[in-house]
Amino acid sequence: MSWGTELWDQFDNLDKHTQWGIDFLERYAKFVKERLDIEQNYAKQLRNLVKKYCPKRSKDEEPRFTSCLSFYSVLNELNDYAGQREVVAEEMAHKVYGELMRYSQDLKAERKHHLQEGRKAQQYLDHCWKQMDNSKRKFERECKEAEKSQITYDRLDNDINATKSEVEKAKAQFYLRTHMADESKNEYAAQLQNFNAEQWKHFNNAIPHIFKNLQDMDERRTVKLGETYRSFAEAERRVIPIVSKCLEGMVSAAKAVDERRDSSIVVESFKSGFEPPGDFPFEDFSQNLSRTGSDGTISNTPKGDRERDGAPGPRPDPKHPMSRTKNKLWLFGKKPKAPSVEDFSHLPPEQRRKRLQQRIDELSKELQKEMDQRDALNKMKDVYEKNPQMGDPSSLQPKISETICNMEKLRSEIHKNETWLSEVEGKQSSRGDRRHSADNHHHTPQGRESPEGSYTDDTSQEHHTPHHRSGPPQPGNPNPDPHEFDDEFDDDDPLPVIGHCKALYSFDGQNEGTLVMAEDEVLYIIEEDKGDGWTRARKQSGEEGYVPTSYVEITLEKNSKGAVTYI
């Protein structure tokens, strides 16, 4: 249905309608702009959320638990999902909002042009009508004047008193007015014919053409809206496959959570390599008591053991804390931080072994790189020797020497770390042997716990290597004055027992004031390490002295202030 034929007289209404159409298009463009702003803000907030919960530590410090790795996978997928929201916003910005705003400007210019043409055609028709109307009014006036002149002429011609000159003058005026009326009539007829022709052209050619252009413009606007509606939906639908992959990745990450694997990682991460505490040996404090047949009791300590001690033991104390205090296992305590050392001796054996193996692997990779570089330099040197014009072979010698030097350093480092690794593995093996041996000789109750509920990483209390290898570094001489120990040991009131320890290695005690001990021997602690690496201990025989703290496994009693005093 054509606007030109049906709405030929609705120019003003079509003017309003086309303006409403452009306003509606711009309103939809505003809606799209607000929608893409929402998408952009949503994507930005998602990225900030991912950034907030992403790990900020190095890869070496990252937890390896499947639950953590799956969560990081979810974060990565969510980050990709945020990227797809940004893609949606960009598509809407360029293919919908931007296109609508450009098209709106074109519509405004086109509408303005068509309306100006319509107004010009209407103005020209109005001009033709005014000319016709003026000629009509002139013709009407001339006819009235001719009628008046005819009446005057007839009156004077019939008046016998009128002079001939007056009659002739009236006749001439009558003929003049009649002639002027005829000319006005001809002009009016011409103007009327012209107006009718222009009016026909206006309503049959000009206006239908202009209205058709306006109709085409409005229909194109409607089509453009439909296309942008589709583009609006396509921007969302285009990312659905990738969004689906992101969601599938999240589901896969959820399926990858393995509780058994996480449990094994906990074991792998915190396994110290230490053997569980052995049975606590029976401590006989009645060795120096005389037994008679009338006592009705039998000594629990074999005679051979008393003779082997070589000296009477200290007198027992019925309030001895060791007999009534359970020691806490170090396993369940909080592990204090210790300074890192080159050989990782501050770590438990199993963790130390892993770190050493990791370092050996890294050094081996570096060594391989240096070897590859050396081979490449040697090949280049051969090429230069065969083709001197390509370069000077001697210029490569410093670099080759540097590479060889680096290789030697790396080999030395690898050898050193392999030595430490073999010590750790050997120590674990020997400790396992000692554990089996101890199981065959002791049958006393287990469950020893440390008083602090933890074990220590401190290098002063960490055992390093067994005695059949190079032992751990011994601390400096506990006191440069040998007589100071004598003064301490000459006290009339011996120090109370504050704990006990088990020798991890044998110690010869050659220095003045030190105590000889055998591996696995149990001693009483009477004075803690003051920070010099030495702990004061007492044997069951009563002999006192200092032993290296790193040679013993120490367990302090909770109620050390109420410990037994030996006389």
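Modeller: Helices are DSSP runs of H or I with at least four residues, and strands are runs of E with at least two, both numbered from the N terminus. This is a predicted model, where local features need pLDDT of at least 70, side-chain atom pairs count only at pLDDT 80 or more, and totals for chains, interfaces and linings use all residues. Residues are numbered from 1 along each chain as its sequence is written, and side-chain values use heavy atoms, with hydrogens and water left out.

Colleague: In which helix is Leu377 found?

Modeller: Leu377 is buried, with a relative accessible area of 10%. Buried means under 20% relative accessible area, exposed over 50%, and partly exposed in between (1.4 Å probe, protein chains only). The helix spans residues 349-386 and is α8.

Colleague: What separates the C-alpha atoms of Leu377 and Lys399?

Modeller: Contact means heavy atoms within 4.5 Å. Leaving out residues up to four places away in sequence, Leu377 touches Leu396, Lys399, Ile400 and Thr403. Leu377 and Lys399 are 22 residues apart along the chain, and their C-alpha atoms are separated by 8.0 Å.

Colleague: Which side chain of opposite charge is nearest to Glu77?

Modeller: Glu77 is found in helix α3, residues 66-158. Lys and Arg count as positive, Asp and Glu as negative, and His and the chain ends are not counted. Glu77 is buried yet has no salt bridge, a term for a side-chain nitrogen of Lys or Arg within 4 Å of a carboxyl oxygen of Asp or Glu. At 10 Å away, the nearest side chain of opposite charge is Lys245.

Colleague: Which residues does Glu77 touch, not counting residues up to four places away in sequence?

Modeller: Glu77 has no salt bridge. Its contacts beyond four places in sequence are Lys245, Cys246, Gly249 and Met250.

Colleague: Why is strand β3 largely enclosed by the rest of the structure?

Modeller: Strand β3 covers residues 534-538. Trp534, Arg536 and Arg538 point one way, and Thr535 and Ala537 the other way. In a regular strand the side chains alternate between the two faces of the sheet. β3 is largely enclosed because, of its five residues, the number buried is five.

Colleague: Which residue in β3 does Tyr524 stand opposite?

Modeller: Two strands pair if DSSP finds at least two bridges between them. Strand β2 (residues 522-527) pairs with β3 in the antiparallel sense over three bridges. They form a hairpin with six residues between them, and Gly531 in the turn has a positive phi of about 105°. Opposite Tyr524 stands Arg538.

Colleague: What is the bridge partner of Thr535 in β4?

Modeller: β3 and strand β4 (residues 544-548) pair in the antiparallel sense over five bridges. Five residues lie between the strands of this hairpin, where Gly542 takes a positive phi near 100°. The partner of Thr535 is Val547.

Colleague: What is the phi of Asp520, which is not a glycine?

Modeller: Asp520 sits in the loop between β1 (499-503) and β2. Asp520 is partly exposed, with a relative accessible area of 35%. Its phi is positive, about 70°.

Colleague: What share of the residues in the protein chain is buried?

Modeller: The secondary structure comes to ten helices and five strands. Among contacts with a separation of 6 or more, 78% join residues 24 or more positions apart. The protein chain has 567 residues, and the buried share is 37%.
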